Structure formats: structure tokens, C-alpha cells
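Thanks, everyone. Please have the sequence and the model open while I talk.

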Amino acid sequence: LPAQLNNLIGLMPKLMRLVVQALQGPDELPKMALHTLELWFDSLNPEFLEAAMAEVVQELMGALWALLTPTSQLRFKVLTVLGKLGGRNRRFLQHQQPRLEYRSNPEHGLRLILTFRPNTS
């Protein structure tokens with residue numbers, strides 16, 4: 001149910017845990033959770049948000065980083081939310097590095113194949 005933001009301030013730590021669970025959920029839940037986080041970051045005092053996120057900050061960052069995959073449709077929205085966190089997201093990363101998967105391909109860096117028509121001068 002929609003509610004005014006000033007009525008939710010006392011419940012913010014509990015709501016933050018629900019948002020983290022929604023970020024890890026299926027279908028439309030992560031999209032709605034990202035929208036909620038963006039609204040909170042735009043509307044609330046950063047110091048207050050840090051206090052509200054203190055209990056779930058590692059789970060929140062893990063859930064946000066888990067959505068940053070090349071095939072995710074929400075990757076740009078996640079980057080927007082991380083950008084609104086500003087330098088605070090880097091401070092949270094000092095405690096635990098995100099587990100990002102990548103493929104190391106040491107024999108090939110950037111590989112260009114150029115072909116020319118035989119009639120060029």
C-alpha cells in the first residue's frame with residue numbers, strides 16, 4: 001500500500017531488509033525494489049539512510065552487485081542506484097569485495113582481424 005515517506009521513517013530498518021529480499025526475488029520484485037531505493041535516496045537525508053542500512057548493508061550491496069550482469073535488464077537502474085549512493089558504496093566495499101564472475105582468456109587480449117580487398121592500392 002502506498003504511504004507517505006514521513007510515516008515510514010520509524011520502520012526504515014525493517015523495510016530495508018524487505019527491499020534487500022525483493023532485490024533477490026523473481027520477476028518484477030527487483031525492479032520495484034530498485035525504484036523504492038531510488039526514491040529513498042532522492043528524498044531522505046544520507047546520514048539517516050546510512051543508519052537505516054547499517055544492519056543490512058552487506059546484503060544490500062551483494063544484492064545490487066548480483067544484478068550487475070551483462071544480460072540483466074536492470075543493470076542501468078542498478079548503476080543509477082549505486083551512483084546515488086555516491087562514495088558510500090565504495091566504503092561498503094572495503095569490508096567485503098563483491099563476487100563477480102569473469103572469464104580469464106590469457107592467450108587472447110584484444111584481437112582484430114583486418115581483411116583488405118585485393119584491388120586496393
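**Overview**

Buried residues, those under 20% relative accessible area with a 1.4 Å probe and protein chains only, make up 28% of the 121 residues in the protein chain. This is a predicted model, where local features need pLDDT of at least 70, side-chain atom pairs count only at pLDDT 80 or more, and totals for chains, interfaces and linings use all residues. Numbering runs from 1 along each chain as its sequence is written, and side-chain values use heavy atoms, with hydrogens and water left out.

Now the fold. The protein chain has 7 helices and 0 strands. Helices here are DSSP runs of H or I with at least four residues, strands are E runs of at least two, and numbering starts at the N terminus. The pattern along the sequence is α-α-α-α-α-α-α.

Take contacts with a separation of 6 or more. Residues 24 or more positions apart account for 67% of them in the protein chain. Contact means heavy atoms within 4.5 Å.

Next, the core. The largest nonpolar core has 27 residues. By nonpolar core I mean buried Ala, Val, Leu, Ile, Met, Phe, Trp, Tyr and Cys residues joined through side-chain atoms within 4.5 Å. Those with the most contacts inside this core are Met16, Leu23, Leu34, Leu37, Trp40 and Leu64. Two or more residues come from each of helix 2, helix 3, helix 4 (46-53), helix 5 (57-66) and helix 6 (75-85). Helix 2 gives the most, with 6 residues.

Look at leucine 34. Which residues is leucine 34 in contact with, leaving aside neighbours within four places in sequence? They are Leu23, Leu64, Leu67, Leu74, Lys77, Val78 and Val81.

The axes of helix 3 and helix 6 come within 10 Å and cross at roughly 25 degrees. Axes are lines fitted to C-alpha atoms over the stretch in contact, with angles from 0 to 180 degrees between N-to-C directions. Angles under 35 degrees count as roughly parallel, so helix 3 and helix 6 are roughly parallel to each other. On the helix 3 side, Leu34, Leu37, Glu38, Phe41 and Asp42 meet Lys77, Val78, Thr80, Val81, Lys84 and Leu85 of helix 6.

Most residues other than glycine have a negative phi. Aspartate 27 is not a glycine, yet its phi is positive, about 55 degrees. Aspartate 27 lies in the loop between helix 2 (12-23) and helix 3 (29-43). Is aspartate 27 buried or exposed? Aspartate 27 is exposed (over 50%), with a relative accessible area of 74%.

Key: Angles under 35 degrees count as roughly parallel, over 145 as roughly antiparallel, 65 to 115 as roughly perpendicular and the rest as oblique.
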